[in-house]
Amino acid sequence: MSKKLTDRQRYEYLQQQKEKQWEAKCRRCGACCGSIEGDPCEHLLQLDNGLFACSIYENRFGLHKTVSGREFYCVPIRNILHESWPGDECCGYKTKGIK
Ligand code: SF4
Ligand code: SF4
């Protein structure tokens, strides 16, 4: 099999690299999911190392509830970067840029 990549494979590889770089900006502080605000999303998990993770990450977008039962929509972080939320001063997407 030839080791030469097709244009499509090269494109997909570059897209994956871009996605990894984008995801790496997140500091896993959980602030955008309510970790600082005090009524977090019911799917927000705190890990043993103190960082946060989403228990439904691959299917996270859409209508969800906080632990107190308040409904809200989870949307891509790009869509809310112009907004403010408690703890957002540490958000990697705001401090490291969005390129
Ligand atoms: S569903 Fe959305 S708001 Fe809830 S923990 Fe996951 S990423 Fe955060
Ligand atoms: S506030 Fe920013 S750095 Fe913190 S979890 Fe959300 S996207 Fe990641």
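Predicted model: local features only at pLDDT ≥ 70, side-chain atom pairs only at ≥ 80, totals over all residues.
Thr66 is placed in the loop that runs between strand E3 (62-65) and strand E4. Display its surroundings next: beyond the neighbours within four places in sequence, Thr66 is in contact with Asp39, Pro40, Cys41, Glu42 and Phe72.

**Along strand E4**

Proceed to Tyr73, which belongs to strand E4 (residues 71-74). Is Tyr73 buried or exposed? Its relative accessible area is 60%, so Tyr73 is classed as exposed. When residues up to four places away in sequence are not counted, Tyr73 touches Gly62 and Leu63. For a view across the model, select Gln9 as well: Tyr73 and Gln9 are 64 residues apart in sequence, and their C-alpha atoms are 34 Å apart in space.

**Ligand 1**

Select ligand 1 and display its shell. Which residues are around ligand 1? They are Cys33, Cys41, His43, Leu44, Cys54, Ile56, Arg60, His64, Phe72 and Cys74. By class, this shell comprises seven nonpolar residues, two polar residues and one charged residue. The space that ligand 1 takes is the largest pocket.

Two members of this shell, Cys41 and Phe72, are also contacts of Thr66. From the shell, pick His43, which lies in the loop between H1 and E1. His43 is buried, with a relative accessible area of 18%. Leaving aside neighbours within four places in sequence, His43 is in contact with Ala53, Cys54, Ser55, Ile56 and His64. Among these contacts, Cys54, Ile56 and His64 also belong to the shell of ligand 1.

Now select Glu19, a residue of helix H1. Glu19 is partly exposed, and its relative accessible area is 44%.

Continue to Arg28, found in the loop between helix H1 (7-24) and strand E1 (44-46). Most residues other than glycine have a negative phi. Arg28 is partly exposed, with a relative accessible area of 35%.

**Ligand 2**

Select ligand 2 next. The residues around ligand 2 are Cys26, Arg27, Cys29, Gly30, Ala31, Cys32, Ile77, Trp85, Cys91, Gly92 and Tyr93. This shell has eight nonpolar residues, two polar residues and one charged residue.

**The nonpolar core**

How many residues does the largest nonpolar core have? It has eight: Trp22, Ala31, Ile77, Ile80, Leu81, Trp85, Cys91 and Tyr93. Of these, Ala31, Ile77, Trp85, Cys91 and Tyr93 are also found around ligand 2. In soluble globular proteins, nonpolar side chains tend to be buried together.

Finish at Trp85, a member of this core. Not counting residues up to four places away in sequence, Trp85 touches Ala31, Cys32, Ile77, Ile80, Cys91 and Lys94. Among these partners, Ala31, Ile77, Ile80 and Cys91 are listed in the largest nonpolar core, while Cys32 belongs to the shell of ligand 2.

Terms used
Residues numbered from 1 in each chain as written. Chains lettered and ligands numbered in written order. Heavy atoms only, no water. Near = heavy atom within 4 Å. 1 Å grid on protein atoms, 1.4 Å probe; cavity = no way out; pocket = protein on both sides within 12 Å on 5 of 7 lines; lining within 4 Å. Sits in = over half its atoms within 2 Å of the grid points. Nonpolar A, V, L, I, M, F, W, Y, C, P; charged D, E, K, R; others polar. Core = buried A, V, L, I, M, F, W, Y, C linked by side-chain atoms within 4.5 Å. Buried < 20%, exposed > 50% of the residue type's maximum accessible area, 1.4 Å probe, protein only. Contact = heavy atoms within 4.5 Å. Helix = DSSP H or I, 4+ residues; strand = E, 2+ residues; numbered from the N terminus.
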